[in-house]
Each structure stands twice: as C-alpha cells, then as structure tokens.
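This briefing covers a ligand site and some strand pairings. Start with the structure, then read the points below.

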Amino acid sequence: MEVIYRSTRNANETATASQAILKGLANEGGLFVPDTIPSLDVSIEALADMNYQEIAYEVLKLMLTDFSEEELKYCINSAYDKKFDTPVIAPLVNKAGANYLELFHGSTIAFKDMALSILPYLLTTSAKKNGVENEIVILTATSGDTGKAALAGFADVPGTKIIVFYPKNGVSPIQEKQMVTQKGDNTFVVGITGNFDDAQTGVKKMFSDTELAAYMNEKGYQFSSANSINIGRLVPQIVYYVYAYSRLVANGSIKAGDKINVVVPTGNFGNILAAYYAKEMGLPIAKFICASNDNKVLYDFFKTGTYDRNREFILTTSPSMDILISSNLERLIYKIAGNDAQKNAELMRKLSSEGVYTITDEMKAKLDEFYGGYATEDETAQTINRIYNSDGYIMDTHTAVAATVYDKYVNETGDKTPTVIASTASPYKFTRSVMNAIDKAYDAKTDFELVDELNRLSGVSVPQAIEDIRSAAVLHDTVCDKEDMLKVVKEFLKI
Ligand SMILES: *Cc1c(COP(=O)(O)O)cnc(C)c1O
C-alpha cells in the first residue's frame, strides 16, 4: 500500500515519500505527515531474530513506499556500517532499574547520527528518482548536535552543499569545536547572535520564501532540510524503538506483546514523535514520558493544554533541549485535531503571531498516553552523580534529564512497567557539565584533561569523534546577526 504524505497546513498538498524528503518542509510552513501509518508485517518473534539493519528495512519499506528494495538496502547498508563503534548500532544497557538505549555510537556521538547517517543517501536517491538536476542546499538550524551530524553526513557528498546555523553562545565547547573544525568544500558553518529558536525561525523563513526559491532555481540550486522537520529524519528514528523492544523480547525481559514505557529527553519533539509512530505501527508502548529541562514549555503544555512560548529562554547544561518552539509537536497537534489542516494552521498562526495557543478539551483528551515532566539543573546533576556512584554508569546531561523525570514518574504513579530511556548523547560530548556533576573540583581542569579523567572514571574508551578534535584546526569562523542569515547564505553560494 502506498503511503502518501500530506501537509499539516494544507490538505491539498501531497507528496510521495521521496518528494517529501527532497522538499523538507511543505509550502506555507507546513510539515509532511503520512496519511496512514502501516502496521509492521512481521511478528515480534521474527524481529527478535533480526539485526539493526534488517529491522530498519522492515520499518522503512512500509513508510517509504516509493523506494525500491534495492534502493532502501543500499541506503541502510551505507549508513549503518563501521561509522558506528559497535556492530549492534544501538546497545540496550540495563542500569539502575531501567533500559538505556544508547543512541550515541555513531560518528558524532549523539542520537542525531541515527537518522543523519542515512539521510544523505535517502536524499540523493530521492533526487535521482525525481530527475532533480539542481544542486541541493541543505539548510540547517542546530541546537548543537544536528549541525555536526548533518555536516558529517553531507561533507563532500556530490550534488549537495550544507549550511549550518548555530547559536554562537548556546552550545557546549565540544559541540562548537566539532562543528567549526568540519572539513569538506561543500560545508559552511555560521554562528548567529541569537538562540536556537532564532536560528530555526530564520531557516524556516528562507524555506517558505517563494521568490527566493525561484531565484535559487534560476541559479541551479534548491533548498532541503536536515532538521527533524524532514520526514527523512523521523522515519529512521522509528527503527530504534522497534529494535529496543525486540531486544527486550530477545533477552527475556518481556514477552512479545507486553507493554513498555519510553522516556525521551525532548527538545524539538522529533525523537518522541518517532516513538509515537512506532506505536502506530503496532509496537506495544503504554506511556510516552516527555522529559524537559528548565525550558519546560512541553511540560506546561501537557499539563494545561496551552502552549506558551512567551517566557525567558534559559541556557542549561542540556543545550540540545534548549528550545521553546518544538516544531514536531505540530504533527501531533494535526493528528489530535482529527487530521484537520485548517484547524492546525489556525493554531500555528496563533503561535507565530501571539506565541501561544490552547487546544480544545476534546483534543487534550487524546493526549493521555503522554506524561510531561521536567528536571531542574540541580536535579540533573544529582542524577548523574547518583547513578555514577550506584552503578558506575556515567550518562550525559540530556539522558540525565530523562532519568530524573523517569524517577519522578515512578514515584508519582508507582508504574513499574519495563521502561526504555532514550540515551541521546555520549557523556564525552558534555564532559564539563558531566564531570562537574560528579565533583565540582573538576571545573578547574581543561576540556581535554576532563576527557581523560572521564575515561579513567568510566572505563569507556574515548570516542574517535573526541580524538579527532583534540588538535584539529578551526576552519569556520563566520558569525552573523540573526537578521543577516539570508545574506550569508547568498555569499556562500555566490549568488
Ligand atoms: C536533539 C537532541 C535532543 C532532543 O531531541 P528532539 O528530537 O529535538 O526532541 C535530546 N538530546 C540530545 C543529546 C540531542 O542532540
């Protein structure tokens, strides 16, 4: 059965999977959503016998129906290879009463690699299938991790250029170093004087500028997106939830059909939405526990039904979740509005003009599978410290937000359902915050002294991604005002 993708803001705009991947964003700022979500057509028992790549094929073949088997297998096998430092791709580690799904074993040591290592293959295959001759310009806003993962994926890919905007003062030192040392003639990294929301808004504006699109086309270019608004990001993220469930069955923790809960440290709402889609495909998930940091706009939303971005933007030690406009929530809003593009567009107009909207009681009633929680900075640090001391397991700050919220959830509800916590980054990516949580005295050390100390405490070898930047030269030093994003894009493309 062919899956058609439709805009959340205009019921008449449809696309095939490959067209939606190429386009990134629908017209008028809408997002592409699948009209129907097919059920998995293999048994859980069969999945338990498959490896990551085989499970990826089972999921992707149902969602990306205009790709051939050969095309999908080429994309999957090119993505999930030796770039990952473990053959299982996403290990499931049982510690401190939960199952941590480690999604950070790819080349840039954050979960963004799970999707961004395959997106370049999906995108170039889509371009070929649709006879696209323009060069594709990947325009990306990043809160720190998407940027590097997208750069690594697209560097030197023929027929593409990639431009990344990051908040100059809003990412970790290691995140920044990873991005500004990126090689590749087709890469361009720009710091902006603003926060992630400013970067994302600027990028979305360029996407919806039809005059700009026509001008680009004249010059032989077209934009696409590597952000999680692209369904080519979301669909590969469904895979690891299916994989995690099948490992729990394989290792005897649960029986096929038993329900699990998932906890996801959330920013742009992409990762947790992928878990929701996994349930729609038939995976037995009871609760989606949405974990926020001090930027707890989603916690407030699930509690009250009002989404309100009119608040102070707080810089935290989990910078990849410092977000007040969670783009992918729109896909859920569209769904609970009864797949009503007009109703959704109305709410999104309110969000952009007033910064706030409220859903109806009828819509709110459809959200009871979701539980929103948040962790303060102190609580997050205490969790890192506590689990290091109890289990010798050192987690990054984002994962610690999730672990904290999970604890709160269990204390509040007594729900002991087996649980998978999405572990979204290596502690090596946020070394300073992680080591400070273990002992404040570490703050006096340099970043790379801390790396070696983390290695000593955890016994986990230093990832290649960190070794690579120890002595790498800075290759990108452009900084611009948030108003000047279009100007620097034009300069880079020489148009
Ligand atoms: C991007 C990111 C998140 C948030 O994921 P969303 O899909 O935006 O909700 C959480 N943790 C880390 C480490 C990330 O890089």
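Two strands count as paired here if DSSP finds at least two bridges between them. By that rule, β4 and β5 pair: four bridges join β4 (residues 92-95) to β5 (residues 98-102), and the two strands run antiparallel. The model is predicted.

**Hairpin β4-β5**
- β4 and β5 form a hairpin, with two residues between the strands.
- Lysine 95 stands opposite alanine 98 in β5.
- Alanine 96 lies in the turn and has a positive phi of about 45°.

**Open sheet**
- Three strands make up an open sheet, and their order is β2-β1-β3. The pairing is antiparallel.
- β2 (14-15) and β3 (32-34) stand at the edges. Each has a single partner strand, so one side of each lacks a neighbour in the sheet.
- Strand β1 covers residues 5-7, and two bridges join β1 to β2. These strands run antiparallel.
- Tyrosine 5 faces alanine 15 of β2.
- As a general point, strands of a sheet pair through backbone hydrogen bonds, either parallel or antiparallel.

**Ligand surroundings**

**Backbone contacts and burial**
- Which distance separates a backbone N or O atom of glycine 267 from an oxygen atom of the ligand? The value is 2.8 Å.
- For asparagine 271, a backbone N or O atom lies 2.9 Å from an oxygen atom of the ligand.
- For phenylalanine 269, a polar backbone atom is 3.1 Å from an oxygen atom of the ligand.
- Taken alone, the ligand exposes 390 Å². The protein buries 98% of that area.

Definitions and conventions
Residues numbered from 1 in each chain as written. Predicted model: local features only at pLDDT ≥ 70, side-chain atom pairs only at ≥ 80, totals over all residues. Heavy atoms only, no water. Polar contact = N/O pair within 3.5 Å; in protein donor to acceptor, adjacent residues only side chain to side chain. Areas by Shrake-Rupley, 256 points an atom, 1.4 Å probe, with all protein chains shown as cover.
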